[in-house]
Amino acid sequence: DWTMRAFREEEIAKIRQQVGKGKVICGLSGGVDSAVAAVLIHEAIGDQLTCVFVDHGLMRLNEAEQVVDLFRHHYNIPLVHVDASKQFLGELEGVTDPEAKRKTIGRLFIEVFEQEAKKIGGADFLAQGTLYPDVIESVSFTGGPSVTIKSHHNVGGLPERMNMKLVEPLRELFKDEVRKLGRELGLPEIFVGRHPFPGPGLAIRCPGDITRDKLDILRKADAVYIDQIRKHGLYDEIWQAFAVLLPVKTVGVMGDGRTYDYVVGLRAVTSTDGMTADFYQFDMKFLGETATRIINEVKGVNRVVYDVTSKPPGTIEWE
Ligand code: XMP
């Protein structure tokens, strides 16, 4: 794609000019955006870049391993892997408000980056995979009044005390363009085609209180759901799909016993940029089969529901 080839060259020149001989620290989230930003910046400035993958304990099943593998083995880009799950989950204990979750997570991310920057003798820049829709959505909502719907933690600048400037080479791009750029940079298709994943991770897919037990259940249910979608060849038709663990237990029956377990909500949408979205019209057979698999394979779940809300009036994530 010639436009992306040109974009790549232009951005590399811009990054070199902005950064000079400075040091850059880049946070990887496991998603496409930060991975593309990191690979692009690495092409521009090589070992002036340090990539940091902060495992906040809110990743999906096996996600941390996949990211580490991609960077260390596929690209040979040095990567610092920080297991900060104790710190994140500890501070999130008892936090139930969606925006409070985002703020807590955003603050901790910054603290971890500061620690890591110190370890490499200071960094001058913080790189992020911020996209154009992130920039708009955190300011206002399309067609609506200028109110914040969700404070995506990776936008809105940095606290003054951080003393780092931002490098955001994807700020003018939409998701489909980032994917094209990722292909241009040689990222494996399985990574480029991944559904978006929010920075706060599973914290915002666990409405209410977050506990390790709930996260484990959610991770397993989500993995079964995504496996079903892949097996049925639907993954690339869907813009984003995930499971949500509801903070509700309901009564069920299994064998000859009563169960009292959690409800899992399934979400799948089509969209072009995440600003508006339609719920995906699975056939009932797929949904029934998926519900059966989740209930059989995931201990702690006895009921599955499907979300048929589009955006607006719903948002994609439940929090
Ligand atoms: P919503 O739920 O606002 O989601 O309709 C639109 C897109 O943004 C993602 N999202 C987030 N991404 N930090 C992020 O990095 C956040 O706090 C956040 N909240 C939502 C969501 O997954 C969807 O792709």
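**A buried lysine and its surroundings**

K101 is buried, because 21 other C-beta atoms lie within 10 Å (buried means 20 or more other C-beta atoms within 10 Å of the residue's own, exposed 12 or fewer, and partly exposed in between, with C-beta atoms placed from the backbone). This is a predicted model, in which local features need pLDDT of at least 70 and side-chain atom pairs count only at pLDDT 80 or more, while totals for chains, interfaces and linings use all residues. Residues are numbered from 1 along each chain as its sequence is written.

K101 lies in helix α5 (residues 98-119); helices are DSSP runs of H or I with at least four residues, numbered from the N terminus. Leaving aside residues up to four places away in sequence, K101 touches L92, V95, P200, A203 and I204, contact meaning C-beta atoms, placed from the backbone, within 7 Å. K101 and R303 are 202 residues apart in sequence, and their C-alpha atoms are 26 Å apart in space.

Turning to a helix pair, α2 (residues 32-45) and α7 (residues 175-184) pack at about 45 degrees with axes 10 Å apart. Axes are lines fitted to C-alpha atoms over the stretch in contact, and angles run from 0 to 180 degrees between N-to-C directions. The two helices, α2 and α7, are therefore oblique to each other (under 35 degrees counts as roughly parallel, over 145 as roughly antiparallel, 65 to 115 as roughly perpendicular and the rest as oblique). In their contact, V32, D33 and V36 of α2 meet V178, R179, L181 and G182 of α7.

Notes: Contact = placed C-beta atoms within 7 Å.
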